[in-house]
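Here is a short briefing for a first look at this structure. Keep the sequence and the 3D view side by side as you read.

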Amino acid sequence: MSSPTSPEEPWPVRTVARKIADWIHRLGAVWVEGQITQISLRPGAATAFLQLRDPSADVSLTLTCAANMLRKMDPPLTDGTRVVVHGRPVFYFGRGTLSLRVDEIRPVGIGELLARIERLRQLLKAEGLFDPARKKPLPFLPNRVGLITGRASAAEHDVLTNARQRWPAVQFEIRNVAVQGASAVSQIVSALQELDELPEVDVIVLARGGGSVEDLLPFSDEALCRAVAACRTPVVSAIGHEPDSPLVDHVADVRCSTPTGAGKRVVPDVAEETKHVHQLRDRARRALHGWVDRERRLLEALRSRPVLADPLGPLERRAEEVGQLRDRARRAMTTALTAEQHALTATRSRLTALGPAATLARGYAIVQRVDDGADGVLRSVADAPAGARLRVRVADGAFHAVVAEKG
């Protein structure tokens, strides 16, 4: 293959085919595991043709074997059987095709399948795909339910019937796929990815009835488990019956033991919810009535208080008290003024009786000397010599006099 080629010196087809055959034949015999599909065994033919498919990838390989080897197998091979084959890759020079010439075919036993499932279970668990913390809660009332199941299957009927009995208005987006056999995993993964991309789908249900371990193998496939774990939409697994527990049950967000349980789980019961709404409405009505009654009693208590029952009464009583106090103040003030007036009159009488005017009125006079700058009251005859000028004050006035002689 290392010989140079060029547009001027190309290899012929036979040379390329021969060199490819040489490389392939150097591989030698190998053991290969996969699922059998498309068995072609014609009556009387010496060679049988089969397809060996990788259940975890969209890859297949053509097998050829002696027809008698297939006819002698008990039980006979069927599509979907998991096998281990021993053979040598062969490149057919004339047709330019590759196949695996098989000389031994061994069906994989149930024990080996269960052991492989257990190893895969431990691997996925170690990666955290079974962790409850990563599981998504289901919506209370989904807008649309995605359903992946077999066409016209009992599982589809159970899911639809039970969901619509609980919530008649529920809407489904159904994808019918193969739920067993060689093509089951690829169809389920494709439908799962398609529903996960639909924004109106709020939950996806994987549903299948019961079956043998071999029938449920697609739901323990690693590719399907990882596709379920990668979904953004919550996934409900409803595979088989109660004892059945494929790996997808542990990866799904919710596991239901049967398709009937899944139909009841994805939607609420309209009768129960209606009853619950009525109970809440009754509770709200009672709470509102209680609050209104309590506030009414409080209002009645407030209205029964004297200040609100007779708002003018206290003002009138206070006005009467103010009037009484005013009258008392007026009487006290009048009494005090009268007493003081009487006292003043008595004092005036005493002052009048003791004052000089009263004395003058009785005929007395006040004599003052007014000459030579003297201005004093005469108290003695010696104080008034002859010729002294005097001022005499009597009750109704005063006059002047001159002393002629002493008497």
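How many residues lie between β13 and β14 in the hairpin they form? Two residues lie between them. The model is a predicted one.

**The hairpin**

- Strand β13 covers residues 389-394, and strand β14 covers residues 397-402.
- Six bridges join the two strands, which run antiparallel.
- Within this pairing, R393 stands opposite A398 in β14.
- In general, strands of a sheet pair through backbone hydrogen bonds, in either a parallel or an antiparallel way.

**The barrel**

- Five strands close into a barrel. Their order is β1-β2-β3-β5-β4, and the pairing is mixed.
- From one strand to the next, the twist averages 55 degrees.
- Helix α1 (residues 13-25) lies across β4 (82-92) and β5. The helix runs at about 145 degrees to β4.

- Strand β8 spans residues 203-208 and is mostly covered. Six of its six residues are buried.
- Both faces of β8 are covered. V203, V205 and A207 are buried on one side. I204, L206 and R208 are buried on the other.
- Strand β6 (residues 145-149) runs parallel to β8, and four bridges join them. In this pairing, L147 stands opposite V205 in β8.
- Strand β9 (residues 235-239) also runs parallel to β8, joined to it by five bridges. Here A207 stands opposite A238 in β9.
- β8, α6 and β9 together make a β-α-β unit, and the unit is right-handed.

**Helices α5 and α6**

- Helix α6, part of that β-α-β unit, covers residues 222-230 and packs with helix α5 (residues 184-196).
- The angle between α5 and α6 is about 5 degrees, and their axes are 10 Å apart.
- Angles under 35 degrees count as roughly parallel, so α5 and α6 are roughly parallel to each other.
- On the α5 side, the contact uses V185, I188, V189, L192 and D196.
- On the α6 side, these meet A223, L224, A227, V228 and A230.
- Which kinds of residue make up the contact of α5 with α6? The residues divide into nine nonpolar, no polar and one charged.

**Two residues with positive phi**

- Most residues other than glycine have a negative phi. Two residues to look at here are Q38 and A152.
- Q38 is found in strand β1 (residues 30-40). Its phi is near 55 degrees, a positive value in a residue other than glycine.
- Is Q38 buried or exposed? Exposed means over 50% relative accessible area. Q38 has 57% relative accessibility, so Q38 counts as exposed.
- A152 is found in the loop between β6 and α4 (154-166). Its phi is positive, about 55 degrees, although A152 is not a glycine.
- A152 also counts as exposed, because its relative accessibility is 73%.

Notes
Residues numbered from 1 in each chain as written. Predicted model: local features only at pLDDT ≥ 70, side-chain atom pairs only at ≥ 80, totals over all residues. Heavy atoms only, no water. Axes fitted to C-alpha atoms, helices over the stretch in contact; angles between N-to-C directions. Parallel < 35°, antiparallel > 145°, perpendicular 65-115°, else oblique. Contact = heavy atoms within 4.5 Å. Nonpolar A, V, L, I, M, F, W, Y, C, P; charged D, E, K, R; others polar. Buried < 20%, exposed > 50% of the residue type's maximum accessible area, 1.4 Å probe, protein only. Pairing = 2+ DSSP bridges. Right-handed = clockwise from strand over helix to strand, strands pointing away.
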